[in-house]
Amino acid sequence: MNSDFPRIITLLRKERGISQKNAATDLGISQALLSHYEKGIRECGLEFLVKIADYYSVSCDYLLGRSPEPAGKTISYEDIPEPDPNNKEKISAGGVMASFNKKLTVNSVTVLYALVQKTGSNTLLKEVSAYLMLAVYKMFRIVYAANPKNDKHFFTVPEVVAAGNSSAAMALCEASATAAAKGVPVGGGDTAKESADTVITANSLSEEYPGAASSLLNVIKNSEARIQLISGSSDSSN
């Protein structure tokens, strides 16, 4: 049974503010059957899959979790906007993957910062920024260490403590950011302001950040696939 379908149809209904009873009536089925579909107790047939895709104006691929975008589009290198329009760099065949991932990451961070600013919280902005900078710092040190000829004196923090301490600093940033996002003031910092501007759906992202939203949606899908792979490995080892 597809595990994404129940989650996505429930999410779509709630995002649109439709009661389960009304959705069931519109779709021509009983509320009990729709409830079973949303809970993953029953698996629907192809005819209903097409019907509910039309009802929510999304693709079947999106409902089945095959595409992170409601329209079911498969992203390609050419579809991703260039973060720097003035970039005239020629990409070699071997560098396409690096450029592709760079564009996904940069565009995703651009959307993230736009969303953070909408919360009106300087604390959240500060902690998100510090977290991302620390992540770049950690990865830069790893790449730097790939060549043993690189001088270790380039950094002031010794290698033996850098990884652990930077992870600890990132954990603190994450905790403070979480508190600010959930409206819990910590250490005199401010918190996010709840407003309609911070309501996020796949459609709202695509409409407000055309092009860049595709990058973020794909980053989310790829990241969750990696996380689920780790979770599956952990489960099988127990």
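Let's start with one serine. Ser 108 touches Ser 215, Leu 216 and Val 219, leaving aside residues up to four places away in sequence. Contact here means heavy atoms within 4.5 Å. Ser 108 sits in helix H6, residues 96–118. Its side chain has a polar atom 3.3 Å from the backbone nitrogen of Leu 216. A polar contact is a pair of N or O atoms within 3.5 Å; within protein, one must be able to donate a hydrogen and the other to accept it, and residues adjacent in sequence count only if both atoms are side-chain atoms.

Is Ser 108 buried or exposed? Ser 108 counts as buried because its relative accessibility is 8%. The cut-offs: buried is under 20% relative accessible area, exposed is over 50%, and partly exposed is in between, with a 1.4 Å probe and protein chains only.

A word on the model. It is predicted: local features need pLDDT of at least 70, side-chain atom pairs count only at pLDDT 80 or more, and totals for chains, interfaces and linings use all residues. Residues are numbered from 1 along each chain as its sequence is written, and side-chain values use heavy atoms, with hydrogens and water left out.

Now the whole chain. How many helices and strands are there? The chain has 10 helices and 0 strands. Both are DSSP runs numbered from the N terminus: helices are H or I with at least four residues, strands are E with at least two. Of the 238 residues, 32% are buried. Take the contacts with a separation of 6 or more: 59% of them join residues 24 or more positions apart.

Next, helix H2, residues 20–27. Its buried residues include Gln 20, Ala 23, Ala 24 and Leu 27. Seen down the axis, the buried residues of H2 fall within an arc of 100 degrees, so they line one face of the helix. That arc is taken from the directions from the helix axis to the C-beta atoms. Here is the background: an α-helix has 3.6 residues a turn, so residues three or four places apart point the same way. Lys 21, Thr 25 and Asp 26 are exposed, on the face of H2 turned away from the buried side. The buried residues of H2 pack against H1 (4–15), H3 (31–39) and H4 (46–55). After H2 comes Gly 28, with a positive phi near 75 degrees.

On to H4. Phe 48, Leu 49, Ile 52 and Ala 53 are buried there. Down the axis of H4, its buried residues fall within an arc of 135 degrees, so they line one face. Leu 46, Glu 47 and Asp 54 are exposed on the other side. The cover over the buried residues of H4 includes H1, H2, H3 and helix H5 (60–63). Ser 57 follows H4, and its phi is positive, near 55 degrees.

Between H3 and H4 there is a loop, and Ile 41 is in it. Why does Ile 41 count as exposed? Because its relative accessibility is 52%. The C-alpha atoms of Ile 41 and Pro 6 are 8.9 Å apart, though the two residues are 35 residues apart along the chain.
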